[in-house]
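Let's take a walk through this protein chain, one piece at a time. Keep the 3D view open and turn it as you read.

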Amino acid sequence: MSLTPVTILADRTNADGTSPAGILTFTLSGPIANGSEIISNGPIAVPVLAGVATAVLYANDDSGTTPLGSDYGVLEELEGAPARTYSITVAAGGPNPKHI
């Protein structure tokens, strides 16, 4: 078994139509493993440039992945907007890319 990489795509626009800059930070709720592959739950920070951010995360629902029920916390920090947090799951079966 193995972990499936999935591209995450975020496309943001400010209320005035401009494209923000900032940072998206993804953090697994805990480490995940599948066979000999282990992914730590350290933060993954990606820049938002001209309103767009792209990251590659590992699916947290592949057959054989443990523990079940993990998710990624997302911290969105964009210019001109209050920070926001939310959680996502990343499915091995798609969509790929996953738009958030």
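## Starting with E1 and E6

E1 and E6 are antiparallel partners, joined over seven bridges. To find the pairing in the viewer, look for valine 6, which sits opposite leucine 57 in E6. Keep in mind that this is a predicted model.

These two strands belong to an open sheet of three strands, ordered E6-E1-E9, with mixed pairing. The edges of that sheet are E6 and E9 (98–99), each of which pairs on one side only. In general, strands of a sheet pair through backbone hydrogen bonds, and they can do this either parallel or antiparallel.

## The whole chain

Now zoom out. How many helices and how many strands does the chain have? It has zero helices and nine strands, so the pattern along the sequence reads β-β-β-β-β-β-β-β-β. The C-alpha trace spans about 45 × 20 × 15 Å along its principal axes.

Of the 100 residues in the chain, 33% are buried. The chain exposes about 5400 Å², and carbon and sulfur atoms supply 57% of that area. If you take the contacts with a separation of 6 or more, 67% of them are between residues 24 or more positions apart.

## E2 and its two partners

Next, find E2, which covers residues 22–28. E2 pairs with E5 in the antiparallel sense over five bridges, and leucine 24 stands opposite valine 46 in E5. E2 also pairs with E7, again antiparallel, this time over seven bridges. There, leucine 28 stands opposite tyrosine 72 in E7.

Beyond its neighbours within four places in sequence, leucine 24 is in contact with a list of residues including Ala10, Ile44, Val48, Ala53, Leu75 and Ile100.

## The nonpolar core

Leucine 24 also turns up in the largest nonpolar core, which has 21 residues. Which residues have the most contacts inside this core? They are Leu24, Phe26, Tyr72, Ile88 and Val90. The elements giving two or more residues to the core are E1, E2, E5, E6, E7 and E8.

## The E7 and E8 hairpin

E7 and E8 pair in the antiparallel sense over five bridges. Leucine 75 stands opposite threonine 85 in E8. Five residues lie between the two strands of this hairpin, and glycine 80 takes a positive phi near 75° there.

Arginine 84 is in strand E8, which runs over residues 84–88. Setting aside neighbours within four places in sequence, arginine 84 is in contact with Arg12, Val74, Leu75 and Glu76.

The structure holds two salt bridges. In one of them, the side chains of glutamate 76 and arginine 12 meet at 3.0 Å, N to O. Glutamate 76 lies in strand E7 and arginine 12 in the loop between E1 and E2, so this pair ties together parts that are 64 residues apart in sequence. Arginine 84 also forms a salt bridge with glutamate 76, with the closest N and O atoms 3.2 Å apart. Put together, Arg12, Glu76 and Arg84 are linked in a network of salt bridges.

Are these residues buried or exposed? Glutamate 76 and arginine 12 are both buried. For glutamate 76, the relative accessible area is 5%, and the cut-off for buried is under 20%, so glutamate 76 counts as buried. Arginine 84 has 43% relative accessibility, so it counts as partly exposed, since that class sits between 20% and 50%.

## One more polar contact

To finish, look at asparagine 34, which lies in strand E3 (residues 32–34). At 1% relative accessibility, asparagine 34 is buried. Where does its side chain make a polar contact? The partner is the side chain of threonine 65, at 2.9 Å.

Notes
Residues numbered from 1 in each chain as written. Predicted model: local features only at pLDDT ≥ 70, side-chain atom pairs only at ≥ 80, totals over all residues. Heavy atoms only, no water. Helix = DSSP H or I, 4+ residues; strand = E, 2+ residues; numbered from the N terminus. Contact = heavy atoms within 4.5 Å. Buried < 20%, exposed > 50% of the residue type's maximum accessible area, 1.4 Å probe, protein only. Polar contact = N/O pair within 3.5 Å; in protein donor to acceptor, adjacent residues only side chain to side chain. Core = buried A, V, L, I, M, F, W, Y, C linked by side-chain atoms within 4.5 Å. Pairing = 2+ DSSP bridges. Areas by Shrake-Rupley, 256 points an atom, 1.4 Å probe, with all protein chains shown as cover. Salt bridge = Lys/Arg side-chain N within 4 Å of Asp/Glu carboxyl O.
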